[in-house]
Amino acid sequence: MTRSSCNRLTRRAAAILLGAVLLIATAAGDRAQAQSATVRLVIDYGDGASKTITGLLWAKGSTVLDVMNAAKSRPHGITFSYTGSGVSAFLTRIDGVANEGGSKKNWQLWVNTSYADKSFAVYEVQPSDVVFWRFAMQEGK
C-alpha cells in the first residue's frame, strides 16, 4: 500500500468516525429535548385571579386533557370536571368554577394564541405550548 492511499484511508476512517459521533450526539440531544420539553397551563378565572402551572412534561401525542391531569398532581394544582370523552369531551368546571351555560360565562380554551377548534381531550399540544383556559362570556371577551 502506498503512503498516499494510506493517508486517504485514514482520512476516510476519520470522516466516518466523525460522522458517527455527530449522529450519536444529535440523537442524544433530540432525546434530551423530548425528555425536558414542557407545557405551561394558565387558568384565568375571569375575576382578576389567575393560576399558572409551569414545567408540565410534554410527550409526543399529549393532549390538553393530559396536561390538565398532570397539573392535578402539582402542589396548588387544579381540580376539574368534564362530561363525555374523546371528541365529545366537554369541560364543565375548574377549581369549583362551573360553566354558567347559554350566553353567560363558560370555560373557553386557547392553545398559544389560537382558539381551540376541537375538544380538549383530543387537542394535541407541542413542546413549549401555553394552554390557556379563560372563564368568559364569549370567545375573546
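V42 of β1 sits across from T52 in β2. The two strands, β1 (residues 38–44) and β2 (residues 50–57), run antiparallel and are joined by six bridges; strands here are DSSP runs of E, at least two residues long, and helices are runs of H or I of at least four, both numbered from the N terminus. Pairing takes at least two DSSP bridges. Five residues link the strands of this hairpin, and G46 has a positive phi near 80 degrees.

This is a predicted model, with pLDDT of at least 70 needed for local features and 80 or more for side-chain atom pairs, while totals for chains, interfaces and linings take in all residues. Numbering starts from 1 along each chain as its sequence is written, and side-chain values rest on heavy atoms, without hydrogens or water.

W133 is in contact (heavy atoms within 4.5 Å) with residues including L41, V64, M68, I94 and F120.

Then there's an open antiparallel sheet of three strands, ordered β3-β4-β5. Its edges are β3 (80–83) and β5 (97–98), each pairing on one side only. β4 and β5 share two bridges, and I94 faces V97 in β5.

Definitions and conventions. Lists of a residue's contacts leave out its neighbours within four places in sequence.
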